[in-house]
Amino acid sequence: MLFSSTIFLFVFLPIVLLVYHLVPRFFRNGWLLVASLFFYAWGEPKFVLLMLASILINYLFALMVDTYRHRVGIKLVMASMVITNLALLGWFKYSGFFMASLNQTLQTELFVPEVVLPIGISFFTFQAMSYVIDVYREAGKVQKNPLDLALYIALFPQLIAGPIVRYETVANEINDRQETLPDFALGVRRFIIGLSKKLILANGCGQVADAVFKMNDLSMGLAWIGIIAYALQIYFDFSGYSDMAIGLGLMFGFHFLENFNYPYIAKSVSEFWRRWHISLGSWFRDYVYIPLGGNRVSPLKQYRNLAVVWMLTGLWHGASWTFVAWGAYYGIWIMLEKAFLGKLLRRVPVISTIWTLLLVLVGWVFFRATTFPDALEYLRAMFIPTEVWDERASYQLVQNGVILLLAALAATPLPKILGQWVVERLGKVGQTIQYGYAMVLLFLATSALVASTFNPFIYFRF
């Protein structure tokens, strides 16, 4: 069930909100859990059992860790927890890919399982693992009520596409949160902004990107239009979803951390990844990079740690060699920045932003292309074209230039700066204008939803 669907906007969400605020506080967590399980079951009923099994397994692991943390064998328990979770994720997400790759490499015909990928399995698996690890590190208290742990993992605003919420972020709010009118109003406005990003900007840019990536013999201009459109699509697609998740959380009294911070203004690849999908980056930093030694080891081992993190980051995003190449690509650039490039980039602020944006656009080619040869062919069109410009490029620019320009401006801090200026200059009148602006966006977004059947969501496959 997409946040940007009519069934969610006009049926599911109003019913959940109405019942939630009518029932006594004691029943609110139970109602949210029931609603969240129904939300997940809407698309894949059978996989609710898989998610509940994952919750139960990690609930038991956390209890064992809390009870026997100072005894011999606790590390074996932790290793079992990691292996169990990764085996679950590996079977559903990677078994077919690895067997197909093995057959191709060895020229064999071994059985390739056809496994349906449960929506959001990467997100709820990582959340469950981080919970048990935090209990082990004594960075968070064990949750002895299995229903409360289930609510943390299954909570529908962040269940299927993040952000990856740490247990410590919402632990206190599970049983002791205050739903206030200012938070609710802010949540509604934040949700509308995210919805508008998705339905107006992401979908508008996505239609351009899809059209270009389906074409053959691209000119340089058309290839650049296509990859810029895709870069804007994936940003507004995912940041819009994160905005909606954060807004929904506020409506129910939960405060999730930010997941995006204008990544396209970054001055280095390292900074880009501190601004993009912040919850995933911090997860790999805290649970993989730092335990491997982080920056506290020799330069050679530090590069090894970066290689491991970026290989895993690529694989997390998808079971394909293009994702592996995409992860390796960023790992190499971050290593170069650690070695010497970062110092050079800091000396040339404007050039460093343009340089970083160029590298990110090249990286998105590997992310979007179906196969590695397709990615190389697209890059050839971008940099070694047989034709610089053609009629198809002119058509796309004329037909979609306005939406691409609006999206490009919206990807910068300018709208936020303008909004803050209005509030500072006009006070309460400025706040009223902001909410009026949100209502206009809601009208435009719902109009776009009703008028179009194009409504994909890129990160559902992860």
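Start with Lys-198 and Asp-237: they form a salt bridge, with the closest N and O atoms 2.8 Å apart. Lys-198 belongs to helix α8, residues 181-213, and Asp-237 to helix α9, residues 220-251, so the pair links distant parts of the chain, 39 residues apart. Both Lys-198 and Asp-237 are buried. Keep in mind that this is a predicted model.

How many salt bridges does the structure hold? There are 14. Some join up: Arg-25, Arg-28, Arg-177 and Glu-179 are linked in a network.

Now on to helix α11, residues 278-289. Since 9 of its 12 residues are buried, α11 is largely enclosed by the rest of the structure. Among the buried ones you'll find Trp-283, Phe-284, Tyr-287 and Tyr-289. And what do the buried residues of α11 pack against? That would be α5 (121-137) and α12 (299-317).

Asp-286 is on that buried list too, and its relative accessible area is 17%, which counts as buried because the cut-off is under 20%. The Asp-286 side chain meets Arg-166 in a salt bridge, 2.9 Å from N to O. That pair also links distant parts of the chain: Asp-286 is in α11, while Arg-166 sits in the loop between α6 (146-154) and α7 (167-175), 120 residues apart. Arg-166 is buried as well, at 12%.

Asp-286 has another salt bridge, with Arg-285, at 2.8 Å, N to O. Arg-285 counts as partly exposed, with 43% relative accessibility.

Notes:
Residues numbered from 1 in each chain as written. Predicted model: local features only at pLDDT ≥ 70, side-chain atom pairs only at ≥ 80, totals over all residues. Heavy atoms only, no water. Buried < 20%, exposed > 50% of the residue type's maximum accessible area, 1.4 Å probe, protein only. Helix = DSSP H or I, 4+ residues; strand = E, 2+ residues; numbered from the N terminus. Contact = heavy atoms within 4.5 Å. Salt bridge = Lys/Arg side-chain N within 4 Å of Asp/Glu carboxyl O.
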